[in-house]
Each structure stands twice: as C-alpha cells, then as structure tokens.
Amino acid sequence: MNLQLEGCTALVTGGSRGIGAAIVRALAEEGCTVHFCARGADDLQRALQAPGVPPGRLHGVVADVSDRAAVAAWLSRLGPLDLFVPNVSALSSDWGPSLSVDVQATVDLTEQLIPRLQASPCGAITCIGSKAASLAAPNSAAYGAAKAAVTHYMKSLSMRLAPRVRVNVVSPGDTWVEGGFWSRVRDEDPEAYARALARNPLGRLATPEEIARVVAFVSSPAASFVTGANWVVDGGSGAHVQF
C-alpha cells in the first residue's frame, strides 16, 4: 500500500531508542523528512545513522521536552510540518515525572505545533499511548494515569481540530526493546517475564517495528477517515472490550 507520505515532514519526540527510533525509521522509509529529539547524544547519533534510510531524511537534536527554552529553540529552526508523533515518556512510576513529561510537556508541545499542522493539507497527530491507560496498574498507577490523561486530551483535540487535522492515539502493549524494560525483567525476574508471555495470546511480545508500522499508517493520508481513535496494538492481551 502506498501511504502517500513521500515529501511529508514529520516531528517525533523521543526518537532515538525503542519504539520512537522505529517510528523515525518507518516514516523516513516511507518518504518523510523526520525531525526528532533525544536526551542522549550517543543514542541520537546512532539513530541518525539508521541503516536503509536515504541520506538527508533524518534530522535530530539533543533536547529534553520538559525544557521549554530548548524546545522553543528547536522549533524556531523548523519550517512547515505535516505530522507530529508525541512519543516521549518518563516511563516512571512516580507522579512528578509522569505528569511533567508525559502530560504537561506533551500538551505544551502539541499546542505549539497546531498552527503548523493546520497549514498542512494532510496534518496529523499520532500520540503514543499505552494499554496501561485502560487497565489497573497497581505498580505503575502514575504512568497509567498519565497515559489515560493524554489519551483523553487527544480525543478531545480530535474534535477541536477536525476536519483540518486528524488526531489519534496508538497504544502499544508489552513491547520488547533490547536493553529496555522487558529485557531487564527477563534477566532479573524470569518468572515475571514468563507471566508476561503467558498473557499474550500470540505467545510473544511486540517488536518496536510492529508498533511503528501502525503509527505510519494511522499518520498517513491512507488513513484519511480515521480520527479520534485509540489503536490498541497489544497482540490481543487486553481482555476488555473497547468501545
């Protein structure tokens, strides 16, 4: 399928590792020029050298999305924009980082980018949520609540910006990232990792690339009648019925 992304410009936050890096690569491979940020210079350089991406399509900066001055300086150097993927997360069980990064920084940056997206013929926002937003998570209530808040904000925003800008959420389930959360669980608590596999009907965890391909489609003009949706990409692990 031709996603009609050739020549589009995208901005991705937290684009140097895991799902974020996979999203950056997927959009670039589909023909987008992709601007992204990361907090670590080493991770940023590795992401900029992603194999298989044509030269000149990736542009990264070291910036913390909760640093308003750094974000403002970054945005001042950018031109027109078609797609925005707010992906960055504190990935924390603490309320402070979850609220300041996952919620406040996401809302602040989104609001700043709305005028640019409204000027695009194919403006789209695809926020990265989590299945934790719709499940009880006693060990990470702050993270789940933050993701639920952002999902609600994006749903409301989809009505506010229609029909000019489409707004959706992609909510990954358990996703394997080398050196990431589930990698550590496998090494430190094999029984907990076995339970995670058991609750996934497909018998495995998602890969970042599988999440990224959904994000690329939902963000693209090929999904032009999709807005206000929460795409749960969890391999069927959620037992609830989503309305």
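The following dialogue goes through the reasons behind several labels given to parts of this predicted model.

Student: How many aromatic pairs does a search of the whole structure find?

Tutor: The search finds 3 aromatic pairs. One of them is formed by W176 and Y193.

Student: Why is the pair of W176 and Y193 called edge-to-face?

Tutor: Rings pair if their centres lie within 6.5 Å, and planes over 60 degrees apart count as edge-to-face. For W176 and Y193 the values are 6.0 Å centre to centre and 65° between the planes.

Student: What parts does the pair of W176 and Y193 tie together?

Tutor: W176 lies in the loop between β6 (166-172) and α6 (181-188), while Y193 is in helix α7 (residues 190-198). These parts are 17 residues apart in sequence, so the pair ties them together.

Student: What makes Y193 count as buried?

Tutor: Buried means under 20% relative accessible area. Y193 has 16% relative accessibility, so it counts as buried.

Student: What kind of pair do F217 and W231 form, and why?

Tutor: Their ring centres are 6.0 Å apart and their planes are at 65°, so this pair is edge-to-face. The pair links distant parts of the chain, with F217 in helix α8 (residues 208-219) and W231 in strand β7 (residues 230-233), 14 residues apart.

Student: Why does F217 count as partly exposed?

Tutor: Partly exposed lies between the 20% limit for buried and the 50% limit for exposed. F217 has 23% relative accessibility, so it falls in between. W231 is partly exposed as well, because its relative accessible area is 29%.

Student: Which members of the largest nonpolar core touch the most other members?

Tutor: They are V12, I23, L27, V34, L58 and V170, out of 35 residues in that core. The elements that each supply at least two residues are β1 (9-12), α1 (18-29), β2 (33-38), α2 (41-48), β4 (83-85), β5 (124-128) and α8. Helix α1 gives the most, with 7 residues.

Student: What is V34 in contact with, leaving aside its neighbours within four places in sequence?

Tutor: V34 is in contact with A10, V12, V24, L27, A28, R57, L58 and H59. There is also a second, separate core of 30 residues, which includes C37, L109, A146 and V165.

Student: How do you know whether S219 is buried or exposed?

Tutor: The limit for buried is under 20%. At 1% relative accessibility, S219 is under that limit, so it counts as buried. S219 sits in helix α8, and beyond its neighbours within four places in sequence it is in contact with L5, L83, V85, A124, T126 and R166.

Student: How do you know whether S130 is buried or exposed?

Tutor: S130 has 8% relative accessibility, under the 20% limit, so it counts as buried. S130 is in the loop between β5 and α5 (141-161). Neighbours within four places aside, its contacts are Y143, K147, S171 and P172.

Student: Which residues that line the largest pocket are the closest to its centre?

Tutor: The pocket holds about 1,700 Å³ of space. Of its 49 lining residues, S89, L91, S92, Y143 and F181 are the closest to the centre. The elements giving two or more residues to the lining are α1, β2, α5 and α6. By class, the lining has 20 nonpolar, 20 polar and 9 charged residues.

Student: Why does L91 count as exposed?

Tutor: Exposed means over 50% relative accessible area. L91 has 67% relative accessibility, so it counts as exposed. L91 is in the loop between β4 and α4 (95-118).

Student: What is noted about the phi of L91?

Tutor: L91 has a positive phi of about 50° although it is not a glycine. Q4, in the segment before β1, has a positive phi near 60° and is likewise a residue other than glycine. At 44% relative accessibility, Q4 lies between 20% and 50%, so it counts as partly exposed.

Student: Where is the cis peptide bond that has omega of about 0°?

Tutor: The bond joins A162 and P163. P163 is in the loop between α5 and β6.

Notes. Residues numbered from 1 in each chain as written. Predicted model: local features only at pLDDT ≥ 70, side-chain atom pairs only at ≥ 80, totals over all residues. Heavy atoms only, no water. Phe/Tyr/Trp six-rings, centres within 6.5 Å; stacked < 30°, edge-to-face > 60°. Helix = DSSP H or I, 4+ residues; strand = E, 2+ residues; numbered from the N terminus. Buried < 20%, exposed > 50% of the residue type's maximum accessible area, 1.4 Å probe, protein only. Core = buried A, V, L, I, M, F, W, Y, C linked by side-chain atoms within 4.5 Å. Contact = heavy atoms within 4.5 Å. 1 Å grid on protein atoms, 1.4 Å probe; cavity = no way out; pocket = protein on both sides within 12 Å on 5 of 7 lines; lining within 4 Å. Points joined across faces, edges and corners; volume = space filled by probe spheres on them. Nonpolar A, V, L, I, M, F, W, Y, C, P; charged D, E, K, R; others polar.
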